[in-house]
Amino acid sequence: MALGEFGIATDHLVIRPLVDSDSPTLYRWLNDPKVLQYYEGRDKPCTWDDIYTHYLSKNGDPLLGLMVILDGQSVGYVQVYPLDPVESSDWELPAEIWPLFGMDLFIGECSLWNRGIGSEVVRLVSRRLLSHHGAKSVVVDPRVTNYRAIHVYKQCGFRIIKRLSRHELHEGQFHDCWLMLYQDNSCRSIS
Ligand SMILES: CC(C)(COP(=O)(O)OP(=O)(O)OC[C@H]1O[C@@H](n2cnc3c(N)ncnc32)[C@H](O)[C@@H]1OP(=O)(O)O)[C@@H](O)C(=O)NCCC(=O)NCCS
């Protein structure tokens, strides 16, 4: 199924592609220092232009932005994208894990952190990429100091497979990140 048709609904959670009317919510979250500290960085508050060009644009960009809605309230954002084997060749990943998708997320309503929402979203989205969208594996790349995110990914079945040295420029400094992989149980586990 095409990535653009991505959609998940449970009894309390909906995860669906962004629409134009999500822009004020996204703008608020991406200008909140508490979110930025862990996501883009407090030195990179989001502009309206960013919202339209990066988050809402459909100009052939394979990245799909998704809104997370809990009991009718928008609470977070997830993005998923197919990775290109050539562009990711530095990672030296084995052929059997492709097609490989990347995922990033934040819960924009910080008062709702640590209530199990992020874990549920990571579980639902990664499983759905495998079951409906042709992925064999999903990767995330948290900074090695983002202990909560790492804990969440681990408990959702992701495993650390590589340390990516100086991988992310965040708040003026390069940081190491963990490359973490989720594979279907039926896949041969790679180390
Ligand atoms: C990371 C994030 C998506 C997780 O979502 P969440 O809804 O807060 O996560 P959950 O409530 O499902 O789980 C949090 C878990 O981390 C644990 N945790 C909290 N702080 C922690 C810390 N400093 N170190 C280790 N574990 C921690 C909690 O105890 C909980 O574990 P449990 O389920 O075993 O009790 C969310 O906190 C967030 O948006 N953070 C800011 C943006 C971000 O870091 N995004 C990820 C970029 S890679």
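In strand E6 (137-140), the bridge partner of Gly102 is Val139; helices (H or I, at least four residues) and strands (E, at least two) are DSSP runs, numbered from the N terminus. The model is a predicted one, where local features need pLDDT of at least 70, side-chain atom pairs count only at pLDDT 80 or more, and totals for chains, interfaces and linings use all residues. Numbering starts from 1 along each chain, following its sequence as written.

E5 and E6 run parallel, pairing over three bridges, where pairing takes at least two DSSP bridges between the strands. E6 is covered on both faces: Ser137 and Val139 are buried on one side, Val138 and Val140 on the other. Buried here stands for 20 or more other C-beta atoms within 10 Å of a residue's own, exposed for 12 or fewer, and partly exposed for anything in between, with C-beta atoms placed from the backbone. In a regular strand, side chains alternate between the two faces of the sheet.

Leaving out residues up to four places away in sequence, Met103 touches Val78, Val80, Val125, Ser126, Val138 and Val140; contact calls for C-beta atoms, placed from the backbone, within 7 Å.

Helix H5 (residues 147-155) has Ala149, Val152 and Tyr153 as its buried residues. Down the axis of H5 these fall within an arc of 95 degrees, so they line one face of the helix; the arc is taken from the directions from the helix axis to the C-beta atoms. On the other side of H5, Tyr147 and Gln155 are exposed. The cover over the buried residues of H5 includes helix H4 (117-132), strand E6 and strand E8 (173-183).

H5 also turns up around the ligand, giving the largest share of the shell, six residues. Of the 22 residues around the ligand, Tyr38, Trp113, Gly118, Ser119 and Tyr147 come nearest, a residue being near if its C-beta atom, placed from the backbone, lies within 6 Å of the molecule.

Finally, Pro82 sits in strand E4 (residues 73-82). Pro82 counts as partly exposed because it has 17 C-beta neighbours inside 10 Å.

How values were computed. Contact = placed C-beta atoms within 7 Å.
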